Amino acid sequence: MQVGPAQPADEPPPPPPHAPPVHPAPVATGGGPWPVVAAGGGPWPVVAAVLIGCWAVTVTVGAQLTGWSIEQLLLVGGVSLPAWVWPVTGLANAVLVGVPAGLLALLPRSATVRATGRVWLVGALALGVFGLLRAIPLAHQEGYLAALTVVAALAATLVRRRARRPDPPEREPGLIGTGLAIAAGLALLLPWLWLGALGGPLESALALTSAATLGWFATALLDQDFWARYERHADGRPAGAARLVLLGGLVAGVALLLVAGGTGPSGSQLAAMLVLPPAGFTVAALRRIGHRAGSAPTGWLVALAAVGPLALVDPDEISILLATTRDVPYWTAIAAAASLAIALFAGLGYGLVFGRVRAAVPRRAVAATVTVVLMLAAGGVYLGLGQPGWYGERLFVVLKEQASLDDLMAGPTGPTGQHDRVREVHRRLVDTALRSQADLRHELDRWRLTYRPYYLVNAIEVTGGPVVRGWLSRRDDVDRVLLSQDLRPLPAPAPTHHSGGTAPSVPSWNLTQIGADQVWAQLRVDGSGIVVGSSDSGVDGHHPALADGFRGGDDSWYDPWNGTRFPSDNGGHGTHTLASAVGGENVGVAPGASWIGCVNLDRNLGNPAHYLDCLQFMLAPFPTGGDPFTDGRPDRAPQVLTNSWGCPPVEGCDSDALRPATAAFAAAGIFFTAAAGNTGPRCASIDDPPAPYADVFTVGAVDRDRRVAPFSSRGPATGGAAKPDLVAPGADVLSAMPGGGYATLSGTSMATPHVAGVVALMWSANPALVGDLDRTRQILRDTATPVPPPAGNPTPCGPDTNSTGAGILDASAAVHTALG
């Protein structure tokens with residue numbers, strides 16, 4: 001007779017009293033070749049794993065961030081990082097992480113700890129191999145992405161071949177798990193779709209392909225064998241959410257951090273290191289579904305998370321040069337931080353829902369609905385809030401034939417003579433360009449490629465990628481093809497730099513140092529009758545120091561970047577420099593001169609095409625919307641140009657990119673001043689066009705104590721020209737800023753307009769000197785005052801003239817000599 005409850009048929013009977021407990025045998029799970037066993041060896045293997053994980057994170061973050069910071073500091077200093085540095089950094093990072101991870105994979109008795117070591121070791125190897133690709137220059141972004149695709153695919157193949165093939169996934173859980181992973185990946189991508197922008201079509205396609213192969217590699221790295229250690233305890237019981245999601249997700253996150261450290265060009269990997277690691281928690285949470293769904297969820301989630309850093313941000317623009325305002329580095333950081341938060345939230349949410357041992361598998365309709373909603377949200381964000389479209393780099397095609405102007409260098413001077421020279425230079429340049437470009441333009445039209453022709457340098461800017469570049473480079477009429485960097489749009493305009501400072505009541509120190517106030521008071525000369533042209537970030541045409549000097553008309557302002565129709569300035573740099581040349585209210589050297597302006601810098605960056613847009617406008621101004629070839633008015637050209645900019649290789653220029661342009665201004669008798677650069681005290685640092693050119697008057701900077709500023713670039717210039725020509729006040733110079741205020745700035749940019757202003761004074765005092773460049777340059781050099789010798793040892797850059805030129809600009813002596 002049964003007097004108690006019946007024993008369930010699927011449970012063993014209880015052991016007899018006082019019998020030793022029965023422990024189940026170790027159970028192998030996940031299909032792996034290694035059985036799951038008890039840890040053994042005490043807590044020390046776990047402690048070692050924790051320490052090695054912290055070491056891996058610290059070393060990888062430190063190495064990648066330090067490498068990028070050094071690269072950016074060198075960039076600011078005008079020095080390019082050698083191509084071998086990043087590969088060596090990646091290999092060193094891989095060794096420092098891989099060696100302890102390898103020991104962790106071999107020595108402990110715990111299969112779980114060994115699996116942790118193995119996945120970190122493979123991640124470190126991937127970092128080292130992927131990091132080798134950073135030897136490919138940023139200018140060849142498509143080549144880098146193609147190489148990353150191939151290498152990641154090979155790595156995934158090799159890793160998968162070493163693992164035991166898992167059991168085929170079940171169809172229903174596979175669809176559900178994949179759908180939920182896609183939904184989570186799209187959620188991670190939302191900030192990038194809002195704040196980022198795509199490059200060119202080929203670049204974007206390759207970025208998507210490389211992201212897909214990285215997802216494939218992640219499925220091989222975080223395979224069934226790895227997850228089996230966290231899905232069950234050593235005794236075979238299913239593990240809870242803490243072990244699977246928190247512990248397993250953390251280990252997976254460290255592995256993904258290592259992969260991210262090698263993913264993307266310099267700068268992009270920093271964003272990837274924020275986005276990819278937290279995806280490990282979401283992948284872990286999906287394992288309750290995923291162990292029956294295969295590895296597809298992991299691949300989809302990691303691939304979508306990688307799209308943002310690889311496709312929706314230009315690594316060229318993750319630069320310290322743009323970090324002073326809300327530009328690409330700012331928005332990239334916001335997008336990466338938002339993705340990090342979304343990933344952590346998704347991991348927490350999925351972990352609470354699916355991480356439990358007895359969590360129910362959601363219905364397919366639920367997973368499909370979530371996925372469709374996220375897909376619609378992603379499309380809506382990109383099309384409604386984002387910056388849809390293609391924003392790839394353009395090609396700057398320099399033709400072999402350039403106009404001959406040598407016979408005009410010693411042409412007539414004076415206002416009338418100079419006008420004649422400008423007209424003849426413009427005619428020859430346009431005729432040469434129209435004739436020599438005809439065949440190439442015909443071919444571009446035939447292939448429906450958009451382009452923009454130039455005449456000041458006989459060149460054409462073409463929209464196209466590597467294939468078009470290869471075709472153009474092989475043409476007999478093409479000398480070389482450069483990249484013309486095109487900035488990707490921002491989600492919101494960068495704020496305009498304003499200042500609330502007030503105008504000085506007396507001439508500021510920089511004006512009295514060169515004696516400009518003496519010229520006004522003693523000679524009654526203020527630059528009247530002379531027009532100065534400024535190519536820079538723009539000009540605040542309403543500023544009280546500049547409003548009265550604007551020449552006006554429909555051909556005195558040009559903005560090729562944003563198409564503004566009245567002088568404006570979002571950066572502040574152009575307003576400051578132009579006011580130092582011609583501004584009133586005790587800030588400008590030649591307050592009676594008029595001015596015209598052009599925007600050749602947007603967000604502190606330019607490219608060869610837009611530099612030429614402004615220089616062509618200065619040679620022959622044209623109405624807004626006019627054609628420079630047919631609507632240019634050489635009779636309206638300014639007599640003096642101030643240029644506080646340079647075109648480094650990162651913007652697309654080589655050493656000769658603008659040489660025909662400055663030669664044309666010399667032939668036309670237009671005085672061309674240029675900043676030496678702010679990469680001192682490094683020797684031979686005057687290297688970015690147009691500063692090194694012999695026909696340009698190059699200006700360094702001194703401080704209030706008449707000593708050469710440490711930042712002022714030194715000569716000799718690239719090509720051997722003796723530079724700088726002289727120095728002028730450039731440290732803590734007070735001048736106008738947008739919005740009506742005033743502020744002090746430092747740089748050779750601040751020194752250059754002083755020379756332009758003095759030339760305006762000289763030519764205003766003696767119009768016969770207009771266009772006589774040789775005589776004007778000689779007067780400036782002969783009247784310059786000596787610079788105090790450097791303290792301590794002599795300058796290491798050779799003769800003092802490599803730092804000081806002829807000496808400090810002296811406006812009073814120069815104008816007196818011009819009159820004599």
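Buried means under 20% relative accessible area. I wrote that down before opening the model, which is a predicted one.

**Entry 1: a buried pair**

I looked up Glu 203 and Arg 488, and both are buried. They form a salt bridge, with their closest N and O atoms 2.9 Å apart. Glu 203 sits in helix α6 (residues 201–221), while Arg 488 sits in the loop between β4 and α17 (509–514). The two are 285 residues apart, and the pair links distant parts of the chain. I also noted the total for the structure, which is 27 salt bridges.

**Entry 2: the sheet**

I traced an open sheet of four strands and wrote down the order β2-β3-β1-β4, with antiparallel pairing. The edge strands are β2 (451–454) and β4 (478–484), each of which pairs on one side only. From one strand to the next, the twist averages 20°.

I then followed one pairing in detail. Five bridges join β1 (residues 394–399) to β3 (residues 459–463) in the antiparallel sense. Which residue of β3 is the bridge partner of Phe 396? I found Glu 461.

Helix α15 (residues 414–446) lies across β1, β2 and β3, and runs at about 175° to β2. Helix α16 (residues 466–473) lies across β1, β3 and β4, at about 155° to β4.

Asp 613 belongs to helix α20 (residues 608–619), so the pair ties together parts that are 161 residues apart in sequence. Are the two partners buried or exposed? Arg 452 has a relative accessible area of 32% and is partly exposed. Asp 613, at 2%, is buried.

**Entry 3: a salt bridge between loops**

I looked up Asp 554 and Arg 633, whose side chains meet in a salt bridge at 2.8 Å, N to O. Asp 554 lies in the loop between β5 (531–536) and β6 (557–558), and Arg 633 in the loop between α21 (628–631) and β8 (640–643). Asp 554 counts as partly exposed at 41% relative accessibility, and Arg 633 counts as partly exposed at 32%.

**Entry 4: a nonpolar patch**

On the surface I found a nonpolar patch formed by Val 95, Val 99, Leu 103, Leu 106 and Leu 107. Together they have about 540 Å² of accessible area. Why does Leu 107 count as exposed? Its relative accessibility is 66%, and the cut-off for exposed is over 50%.

Definitions and conventions: Residues are numbered from 1 along each chain as its sequence is written. This is a predicted model: local features need pLDDT of at least 70, side-chain atom pairs count only at pLDDT 80 or more; totals for chains, interfaces and linings use all residues. Side-chain values use heavy atoms; hydrogens and water are left out. Two strands pair if DSSP finds at least two bridges between them. Axes are lines fitted to C-alpha atoms, for helices over the stretch in contact, and angles run from 0 to 180 degrees between N-to-C directions. Contact means heavy atoms within 4.5 Å. Patches are made of residues with over 30% relative accessible area and no salt bridge: like charges are joined within 9 Å, nonpolar side chains (Val, Leu, Ile, Met, Phe, Trp, Tyr) within 5 Å. Accessible areas come from the Shrake-Rupley method with a 1.4 Å probe; for residues, only the protein chains shown count as cover. A salt bridge is a side-chain nitrogen of Lys or Arg within 4 Å of a carboxyl oxygen of Asp or Glu. Buried means under 20% relative accessible area, exposed over 50%, partly exposed in between (1.4 Å probe, protein chains only).
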